[in-house]
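Please look over the sequence and the structure shown below before reading on. The briefing that follows goes through a few topics in turn.

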Amino acid sequence: MHVKHLSHQQVLNMLPDRKADAHKGDFGKLLLLCGSRGYTGAAYFAAMGALRTGAGLVYLGVPESIYAIEAVKLSEPVVFPLPEENGMLSHGSLANIREYLPKMDAVLMGCGMGVSHGTLQVLQSVLQEFPGPVILDADGINLLAQHKDILRGRTGITVLTPHAGEFSRLGYSGDRLASAVTAAKELNCIILLKGHQTLITDGETVYQNQTGNPGMATGGSGDVLAGVIVSLIGQGLDPLEATAAAAWLHGKAGDLCAAEIGQYGMLPTDLLCALPRLMK
């Protein structure tokens with residue numbers, strides 16, 4: 001199978017034009033369901049990753065016990081509280097979520113979300129009811145691992161972003177390329193398999209990312225990536241190309257940070273600052 005590699009110019013060519021008469025609704029309306037008690041950073045990084053890569057409107061739904069924290073940390077997204085149980089989204093949050101879904105271009109779930117019966121019910125409902133693209137990261141994948149049948153019959157695009165451990169929980173191992181392609185076909189989704197030279201595939205086409213460095217191996221980095229993916233998909237890019245471009249931008253932002261401040265002390269916050277410089 002032929003493996004593709006992106007260049008900076010190819011990524012720039014994928015980005016939508018910004019017309020003079022454009023408004024915020026033209027650049028994607030995104031719903032992010034992220035965060036739980038004790039995991040406030042994940043929601044922050046995902047939302048800012050989306051905004052720093054051009055998203056027009058970001059709506060961030062979080063458990064009500066962390067709403068005040070996120071509202072103080074985040075000025076640009078629309079942050080709103082949702083019913084919870086034990087610090088995680090509960091089944092009771094679905095009524096509020098359903099008010100947002102029809103207006104959205106893409107949804108991201110999972111970053112710091114937690115694993116519970118309530119978050120599983122939210123995941124099931126969104127996947128079944130929302131016809132647009134859904135990106136599942138972190139706990140979204142952990143929830144899916146024991147309930148892969150949820151994806152059966154889903155017609156909308158689904159993107160999964162597992163690291164090696166999460167990929168194993170989904171039931172896949174062995175050769176990275178072969179298993180990623182197999183998983184994409186069997187689950188009818190796009191797989192972004194994290195790691196050295198991250199792989200992105202829909203089961204037919206494969207991209208291998210060649211940006212990034214070990215300095216990015218820190219908590220919060222993956223949440224930034226998830227935000228970039230939902231941002232580019234929400235702006236109307238082809239979902240596979242958007243996912244591959246997001247991996248390239250995320251890794252290249254890490255390379256800029258490593259060159260300027262070194263791998264040891266770089267933070268996900270630094271990635272957020274570097275991302276816009278790559279999209280000029």
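Leaving aside its neighbours within four places in sequence, which residues is leucine 60 in contact with? With contact meaning heavy atoms within 4.5 Å, leucine 60 meets Leu32, Cys34, Ala43, Ala47, Leu74, Val78, Val79 and Phe80. This is a predicted model, in which local features need pLDDT of at least 70 and side-chain atom pairs count only at pLDDT 80 or more, while totals for chains, interfaces and linings use all residues. Residues are numbered from 1 along each chain as its sequence is written, and side-chain values use heavy atoms, with hydrogens and water left out.

**Nonpolar cores**

- A nonpolar core is a set of buried Ala, Val, Leu, Ile, Met, Phe, Trp, Tyr and Cys residues joined through side-chain atoms within 4.5 Å, where buried means under 20% relative accessible area, exposed over 50% and partly exposed in between, with a 1.4 Å probe and protein chains only.
- The largest such core has 58 residues, and Leu32, Leu60, Leu108 and Leu232 touch the most other members.
- Helix α10 (residues 239–261) gives the largest share of this core, eleven residues; helices (H or I, at least four residues) and strands (E, at least two) are DSSP runs, numbered from the N terminus.
- A second, separate core holds 43 residues, among them Tyr59, Leu82, Met113 and Leu193.

**Helix α8**

- The twelve residues of helix α8 (residues 176–187) should span 16 Å at 1.5 Å a residue, and this agrees with its end C-alpha atoms being 16 Å apart; the expected span is 1.5 Å times one less than the number of residues.
- Ser179, Ala180, Val181, Ala183, Ala184 and Leu187 are the buried residues of α8, and their cover includes β9 (158–160), α7 (164–169), β10 (190–193), β11 (199–201) and β12.
- Aspartate 175 caps the N-terminal end of α8, with a side-chain oxygen 3.3 Å from the backbone nitrogen of leucine 177, while the helix is followed by asparagine 188, whose phi is positive, near 55°.

**Asparagine 209**

- Asparagine 209 lies in the loop between β12 (206–208) and α9 (221–234), and it counts as buried because its relative accessibility is 7%.
- Its side chain reaches the backbone nitrogen of tryptophan 248 at 3.4 Å.
- Not counting residues up to four places away in sequence, asparagine 209 touches Gln197, Thr198, Ile200, Ala247 and Trp248.

**Glycine 222**

- Glycine 222, found in helix α9, counts as partly exposed because its relative accessibility is 22%.
- Its C-alpha atom is separated by 9.1 Å from that of histidine 250, 28 residues apart along the chain.

Technical notes:
Polar contact = N/O pair within 3.5 Å; in protein donor to acceptor, adjacent residues only side chain to side chain.
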